[in-house]
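Please look at the sequence and the structure below.

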Amino acid sequence: MQQKTKLFLRALKYSIPHLGKCMQKQHMNHCNLAGHYYHRIKLKKYHLTKCLQNKPKISELARNIPSRSFSCKDLLPIKQENEKSRSENMDAFEKVRTKLETQPQEEYEIINAEVKHGGFVYYQEGCCLVRSKDEEADNDNYEVLFNLEELKLEQPFIDCIRVAPDEKYVAAKIRTDDSEASTCVVIKLSDQPVMEASFPNVSSFEWVKDEEGEDVLFYTFQRNLRCQDVHRATFGDNKRNERFYTEKDRSYFVFLYLTKDSRFLTINIMNKITSEVWLIDGLSPWDPPVLIQKRIHGVLYFVEHRDDELYILTNVGEPTEFKLMRTAADTPAIMNWDLFFTMKRNTKVVDLDMFKDHCVLFLKHSNLLYVNVIGLADDSVRSLKLPPWACGFIIDSGSDPKNCPFQLCSPIRPPKYYTYKFAEGKLFEETGHEDPITKTSRILRLEAKSKDGKLVPMTVFHKTDSEDLQRKPLLVHVYGAYGMDLKMNFRPERRVLVEDGWILAYCHVRGGGELGLQWHADGRLTKKLNGLADLEACIQTLHSQGFSQPSLTALSAFSAGGVLAGALCNSAPELLRAVALEAPFVDVLNTMMDTTLPLTIEEIEEWGNPSCDQKEKNYIKCYCPYQNIKPQHYPSIHITAYENDERVPLKGIVNYTEKLKEAVMEYSKNRGEGYQTPNIILDIHPGGNHVIEDSHKKITAQIKFLYEELGLDSTSVFEDLKKYLKF
């Protein structure tokens with residue numbers, strides 16, 4: 001799947017590729033940035049239990065997950081919290097989980113990335129890298145190319161695959177859930193495939209072929225969560241491996257992208273607000289690279305190529321939202337860029353794909369999804385509004401120049417295939433049985449008026465036949481950072497909750513990217529409090545419109561979303577009954593004060609520079625969750641953390657939890673016998689890497705917490721789980 005622009009937009013907000021598991025067999029995820037000759041996403045069937053347990057296989061450069069990005073050493077001794085009542089016996093949740101693991105299950109489809117090159121499909125089968133003939137891809141007739149167990153890693157999985165142009169070599173990036181470190185292995189394809197080379201700590205990588213017909217592998221080297229070095233290597237009789245480029249500015253990072261037509265390899269150098277791109281001629285990879293446009297503070301741009309023209313997605317000029325420009329490939333400087341296509345106001349560019357005669361833009365406008373098909377021969381534009389249930393794209397960018405396939409999904413609906421056929425100028429929907437959730441649930445697009453009058457979009461799901469919604473439990477989701485959309489990919493447990501009567505609400509607050517670049521700008525640096533005001537307004541609006549009530553309301557947030565969630569717990573705890581945080585960034589001030597951490601400098605554009613700017617220090621201090629804990633009544637809070645998390649300092653989470661417990665106990669001293677002290681639970685998973693989205697243990701613990709804290713009968717959720725297996 002070739003989500004080029006999604007990668008670009010994410011990369012603008014996050015510093016280093018990181019595994020984010022947005023889909024079951026994804027995490028993203030999502031982006032295979034490579035040539036037109038090898039790309040295909042194929043749906044394969046898996047059991048529900050596998051969806052909750054198996055390691056995802058997603059491509060590398062979509063891993064720019066919304067998250068805090070810091071290492072933490074010398075952690076305090078920590079013991080996992082266990083409430084006595086939660087561990088004495090195998091409760092009903094454990095029984096259900098056991099049933100799911102042992103009983104035969106109905107199958108359903110989830111995303112599994114495969115790379116197509118020539119007449120073969122390359123993918124992971126078991127613990128091996130394999131390939132099969134394209135027409136036999138659905139059978140068990142495949143050739144084993146490499147056994148991942150040779151690397152002696154704990155449960156390794158393939159994260160990304162690239163095939164050399166002439167199919168003499170294949171490169172695969174392999175990693176584990178316990179670490180962000182990746183190993184790139186190069187396999188020589190012959191009658192007896194052998195590992196030709198192995199490179200540690202590789203992030204992005206691409207193949208090109210020089211004038212002599214030799215395959216050249218370019219790759220970026222990652223050290224301490226930073227990616228600033230580009231290497232190039234050759235194999236066989238003419239082996240060489242050399243450093244090609246080093247970025248010296250610590251606020252920038254580097255990733256590689258091969259244009260859709262494989263004509264140019266681009267070196268993308270960027271930080272949160274500025275980018276610079278160099279072109280490497282795909283036919284002459286030993287020549288010096290050509291600079292498109294020197295970095296200009298605040299100017300972002302990304303490059304595609306077609307017929308000796310560069311198509312440039314950039315925010316240069318007014319308004320400072322993304323627009324599409326183009327120029328001749330031999331005159332790439334900014335003064336030669338001509339405006340080609342502009343986006344509507346409040347539009348988010350999700351992705352871009354280039355075809356022989358068409359450019360396809362995947363857009364989100366006013367929180368609804370659109371596809372714009374631009375005819376490159378006549379500059380015609382066809383705008384397609386997609387089904388209102390759709391909340392996210394999965395782009396399948398293959399080698400077929402006649403069709404543009406993609407998938408749509410939502411938090412409660414698995415992905416569904418769509419294909420735009422250029423010749424017919426029509427969008428075709430996958431045939432087959434209709435998902436029953438379409439008739440049993442509703443999706444609402446609502447708005448909340450924030451403190452300053454800004455309208456904040458919300459997406460709400462609930463059962464169609466629900467009566468008296470005010471008495472139904474409500475689970476609110478928030479993120480609001482880095483210009484990143486709140487993730488609304490399919491999650492089985494979300495579907496189960498809706499079927500069991502829950503209301504799900506996704507609050508698209510400022511600081512995220514749902515309404516374009518300005519939406520992010522209005523929620524970063526000294527405007528972070530806008531996001532907090534938006535979240536409070538969203539919850540109050542939901543309650544006032546009859547969706548649940550505070551005693552039945554829970555809030556869920558991941559990583560940087562923990563900033564707003566934690567801040568709301570301090571400022572308006574009366575709105576919530578329970579909060580579930582995962583790898584939360586709750587100690588903004590102390591983390592941003594420590595410039596020795598590897599990525600603090602990169603984060604300055606999002607949070608500010610408290611070490612050098614007293615105004616920004618005071619501003620961070622006024623909303624930082626850790627800094628504003630005080631003796632008061634808090635909602636019950638469940639925190640999931642990971643022992644080996646390199647992105648959110650575990651020490652900060654531990655300190656936050658301890659301080660919060662002290663405040664809760666101090667407040668409860670004089671409350672009397674009838675006062676119910678909130679539960680503060682820190683669940684530290686041994687190993688683990690920032691987030692393990694498909695961990696059944698984690699999901700079970702979080703759902704169990706929500707049901708217990710809201711005083712709900714958990715029997716019904718078991719019935720929904722059983723029903724879910726039949727859809």
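**Reading contacts, strands and rings**

Q: Leaving aside neighbours within four places in sequence, which residues is Glu430 in contact with?

A: Contact means heavy atoms within 4.5 Å. Leaving aside its neighbours within four places in sequence, Glu430 is in contact with Lys416 and Tyr417. This is a predicted model, in which local features need pLDDT of at least 70 and side-chain atom pairs count only at pLDDT 80 or more, while totals for chains, interfaces and linings use all residues. Residues are numbered from 1 along each chain as its sequence is written, and side-chain values use heavy atoms, with hydrogens and water left out.

Q: Where is Glu430 placed, and is Glu430 buried or partly exposed?

A: Helices (H or I, at least four residues) and strands (E, at least two) are DSSP runs, numbered from the N terminus. Glu430 is in the loop between β29 (426-429) and α5 (437-440). Buried means under 20% relative accessible area, exposed over 50%, and partly exposed in between (1.4 Å probe, protein chains only). With 33% relative accessibility, Glu430 counts as partly exposed. The C-alpha atoms of Glu430 and Gln407 are separated by 9.5 Å, and these residues are 23 apart along the chain.

Q: How is a sheet read, and in what order do β10, β11, β12 and β13 stand?

A: Strands of a sheet pair through backbone hydrogen bonds, either parallel or antiparallel. Two strands pair if DSSP finds at least two bridges between them. Here 4 strands form an open sheet, ordered β10-β11-β12-β13, with antiparallel pairing. The edges are β10 (202-209) and β13 (240-246); each has a single partner strand, so one side of each is left without a neighbour in the sheet.

Q: Over how many bridges do β12 and β13 pair?

A: Strand β12 (residues 226-234) and β13 pair over 6 bridges, in the antiparallel sense. The bridge partner of Ala233 in β13 is Asn241.

Q: How is a pair of aromatic rings described, and how many aromatic pairs does the structure hold?

A: A pair of aromatic rings is described by the distance of the centres and the angle of the planes. Rings of Phe, Tyr and Trp (its six-membered ring) pair if their centres lie within 6.5 Å; planes under 30 degrees apart count as stacked, over 60 as edge-to-face and the rest as tilted. The structure holds 22 aromatic pairs. One of them joins Phe199 and Phe235: the ring centres are 6.2 Å apart and the planes stand at 40°, so the pair is tilted. Phe199 lies in strand β9 (residues 194-200) and Phe235 in the loop between β12 and β13, so the pair ties together parts 36 residues apart in sequence.

Q: Are Phe199 and Phe235 buried or exposed?

A: Phe199 counts as buried at 10% relative accessibility, and Phe235 counts as buried at 6%. Both belong to one aromatic cluster, formed by Tyr169, Phe199, Trp207, Tyr219 and Phe235.

Q: What does the side chain of Thr314 reach?

A: A polar contact is a pair of N or O atoms within 3.5 Å; within protein, one must be able to donate a hydrogen and the other to accept it, and residues adjacent in sequence count only if both atoms are side-chain atoms. A polar atom of the Thr314 side chain lies 2.7 Å from the backbone oxygen of Leu300. The backbone nitrogen of Val316 lies 3.1 Å from a polar atom of that side chain. Thr314 is in strand β19 (residues 309-314) and counts as buried, at 0% relative accessibility.
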